[in-house]
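Please keep the structure open in your viewer and follow the selections in the order given below.

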Amino acid sequence: MGNTANLIDFRAGPRPKAATAAVFAQVRGGSSDLARLVPGLSGDSSTETRLDSAGSPIFADSSPLSFLSRMASELRPRFLKRFQATMVVPAILDITLIVLVFVFETRLLGLPRGLLSLSTVSIYISAFLIFSIEENLYAQQKSTLAENGAAVRAIGWATLFASFSLSWSQARASAVTVVAVSLGSLFVLIAARLLRRAILPANKHKRNVLIVGSGPKAKQISDAIHRDPSSLRLVKGYVAENHIRNVYGRPMLSRIAREEFVDEIIIASTDQGVARIAIEEAYRNKLDVKIAPDICVPYAREIEFDTVGDIPLLRIHDHRPPECGLALKRSLDVVLAMFGGIALLPLLFIAAVLIKLNSSGPVFYRATRTGRKGRQFLCYKFRTMIVEADAIKDNLRTENERDGAFFKIENDPRVTPIGRFLRKYSIDEIPQLWNVLMGDMSLVGPRPHPPDDVSLYEIQHLQRLDFVPGITGLWQVTARRDPSFERSVALDVEYIKNWNLWLDLRILCKTVSAVIEGSGV
């Protein structure tokens, strides 16, 4: 089915007798069992159901609070409705680039100083932000042409508003100078996006999808995802109805979701029992779940739809991570990694010289590590071992001093003399600031492990891959000397479940203290 391997092979058989094509259809005298799972189709007595002129149901709540909430939602500007916390970091980067262009062109190219007035810059940036959100500039997986077009339109509107503001401001700058700055800003924004596309992998923001179903609807959904080059979805596999009902049961669905790092389950089956199991397991595993109905569902204000190609999907459950907190975490990562990397440049240069003088081979060590959702990336460090260290790693497995899927030797014979010094003060980890800037890592999080160690994970260990890996973490500052792999996983899971920005700041402070003491965090 499609061009991806099935997780569980199946043979398409007859549809279950109990299943009907109208599983999610609204019935005037009542509704199906699964219809109660869809908001607005439950027949709840607290919600009055009326039909509009087209015969579609309209759900109304007569309470004043609900009326005011709907009124506020209707009056809210459209760009605010489109705003998401994930837009914060790229928006901050764009604003920084625009301000730098303003400073550069006004100070170095001799443009009027009034162009840099607070009112002009504020109006320009405000207009740019509003129209960049309105033009969907920060949508993930946009094509190069669509993204550049959105940038042109956002800059164009910002130029127009800033030019109008000059007519009543005290600045001596003309609209021509605003256009000159805008052209420079546009060039820098497009160049930055081209650089990002060249560096970052195309599937970095893909959402892993598991399709429940084995009929034509499942194949139709899979084909629609594969045909759409801008789709954020990546089909990881399929699960047949009879495998859930009769063969493997409920635990199999959760195991597949965990092992394949599934983000979303799409139910393409009219078997009510199978759909209910899939929905319950999605709730339990904090996964998004959507249903592809076999018939058209009447429009209702409370029902949220998504689409795959031209196939409508009913949103049954969306797991909402703390987007604002994670956006702040990412912003902190970018700022600290950028300024930290610049401040530590002299130390980086000295370390590079010492490594070259101490042993032959490259200065940097690049190795594949497993990051969030099992995605692999190249991790950078200063080389602290001999060049053939990876080749002889398997020969040293019997000397491993850690339990479980984790390799560590206190007095590793592969480490060079200068490497021991770099490790003692964690100087070898500084190049990972590049990984932080690229988004593969964070300053704080579970440490990334090599793929060969990850291959030894048990199913419960995969929880630590639900979060972006970090340079330092809770385990490093509390139990680094503990040889138990289970203990390290427990601390990583505890960090993920209890994460907040204050916890990150505390871990960073403890890390700085440990580095100064030379404990090798």
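Is phenylalanine 261 buried or exposed? The model is a predicted one, and in it phenylalanine 261 has a relative accessible area of 11%, which is under the 20% limit, so the residue counts as buried. Select phenylalanine 261 and look at the backbone around it: the residue lies in the loop between α9 and β7 (264–267), and its phi is near 55°, a positive value in a residue other than glycine. As background, most residues other than glycine have a negative phi.

Next, select asparagine 136, which likewise is not a glycine and has a positive phi, here of about 60°. Asparagine 136 is placed in the loop between α4 (118–134) and α5 (144–166), and because its relative accessibility is 31%, asparagine 136 counts as partly exposed.

Now return to α9 and select helix α9 (residues 250–259) together with helix α10 (residues 272–284), whose axes come within 10 Å and cross at roughly 45°. The two helices, α9 and α10, are therefore oblique to each other, and their crossing is right-handed. Coloured by class, the contact of α9 with α10 shows three nonpolar residues, one polar residue and four charged residues.

Methods: Residues numbered from 1 in each chain as written. Predicted model: local features only at pLDDT ≥ 70, side-chain atom pairs only at ≥ 80, totals over all residues. Heavy atoms only, no water. Axes fitted to C-alpha atoms, helices over the stretch in contact; angles between N-to-C directions. Helix = DSSP H or I, 4+ residues; strand = E, 2+ residues; numbered from the N terminus. Parallel < 35°, antiparallel > 145°, perpendicular 65-115°, else oblique. Left-handed = near helix turned anticlockwise from the far one by under 90°. Nonpolar A, V, L, I, M, F, W, Y, C, P; charged D, E, K, R; others polar. Buried < 20%, exposed > 50% of the residue type's maximum accessible area, 1.4 Å probe, protein only.
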